[in-house]
Amino acid sequence: MLKDITIGQYYPSESSVHALDPRYKILIMVIFIVSLFFINAFWPYILIFAWLFLAIIAAKIPVKLVVKGLRPLRIILIFTFIMNLFFIPGEEIFRAGFISISREGLYQAIFMAIRLILLVMGTSLLTLTTSPIALTEGIEKLLSPLKVVGFPAHAIAMMITIALRFIPTLVDETDKIMKAQMARGADFESGNVMNRAKNLVPLLVPLILNALRRAEELATAMESRCYRGGEHRTKLNPLEVTQKDRVYFAGNVLFFILVCATRYMPVPLP
């Protein structure tokens, strides 16, 4: 299951989505996330799914790779679905003893499940199509106007990118430690939830130690390359916006504006 996490991974490919300016990709992703929570009907999500599918195809990324990133999310999906289904009051449509399901709770549960699925797939697509270096530069450029008030744009961008980049690394470390401990007789599968949680405690100590060791190695590597932050740094390949970038960005923004506009259409919930 740990190998299925796709957020933070980069999938190299020569596609129009990979070549798109990282600033525009980040802005499109922000608009995408906002639109997910702005929609209040089911059918606009079909348009979002279609847009996401076309983006995955255009990026030349296997659909299976993006979909498998949902597997680690299934526990959160089930928990979120149940919490919304049984604990949101409204027009009752089912009752069995003390268990009651309302129409509003059912809609909210389905909405949240769809939103989480699209959210994970969309953010995975961003990291799969954007290299860590490009992602860092894109975030820094977007935050650069805040430098006038002393905001450390480069440091924040670097920390965000390193955190995303280390997700798959820590996942690999966790998988290796779990397999090593299972070979020595550790059991992470049997028992109830509390027993499983207790069995994970011996896993945390070596994982934290490995994370600290990797952080120290990264700091040493950056210092050995004379890294001193964002001041007076030059770029080997500075970002340049092309006409193709503008067309892609304008088309995506227009699409999400139209999708969000469905909120004000007189179409009742199904």
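Which residues form a nonpolar patch on the surface? The legends below start there.

**View 1. The nonpolar patch on the surface.** Ile78, Phe79, Ile82, Met83, Phe86, Phe87, Ile93, Phe94, Phe98 and Ile99 make it up, and together they have about 1000 Å² of accessible area. Two elements give two or more residues each: helix 5 (74–87) and strand 1 (92–96). Helix 5 brings the largest share, with six residues. Patches take residues with over 30% relative accessible area and no salt bridge, joining like charges within 9 Å and nonpolar side chains (Val, Leu, Ile, Met, Phe, Trp, Tyr) within 5 Å. A salt bridge here is a side-chain nitrogen of Lys or Arg within 4 Å of a carboxyl oxygen of Asp or Glu. Areas come from the Shrake-Rupley method with a 1.4 Å probe, and for residues only the protein chains shown count as cover.

A word on the model: it is predicted, so local features need pLDDT of at least 70 and side-chain atom pairs count only at pLDDT 80 or more, while totals for chains, interfaces and linings use all residues. Numbering runs from 1 along each chain as its sequence is written, and side-chain values use heavy atoms, leaving out hydrogens and water.

**View 2. Met83 and Leu85 on helix 5.** Met83 is partly exposed, with a relative accessible area of 37%. Leu85, by contrast, is buried at 10%.

**View 3. The largest pocket, with a volume of about 920 Å³.** It has 35 lining residues, and Pro132, Ile133, Ala134, Thr136 and Glu137 are the closest to its centre. Helices 1 (16–19), 2 (22–38), 7 (132–143), 8 (153–183) and 10 (201–224) each supply at least two lining residues. The lining divides into 16 nonpolar, nine polar and 10 charged residues. A pocket is an open set of points on a 1 Å grid over the protein atoms alone, where a 1.4 Å probe fits, with protein on both sides within 12 Å along at least five of seven lines; lining residues have an atom within 4 Å of a point.

**View 4. The chain around these sites, with 11 helices and two strands.** Helices (H or I, at least four residues) and strands (E, at least two) are DSSP runs numbered from the N terminus. Of the 270 residues, 34% count as buried. The C-alpha trace spans about 70 × 55 × 40 Å along its principal axes.

Definitions and conventions
Buried means under 20% relative accessible area, exposed over 50%, partly exposed in between (1.4 Å probe, protein chains only). Grid points are joined across faces, edges and corners, and a volume is the space filled by probe spheres set on the points. Ala, Val, Leu, Ile, Met, Phe, Trp, Tyr, Cys and Pro count as nonpolar, Asp, Glu, Lys and Arg as charged, and the others, Gly among them, as polar.
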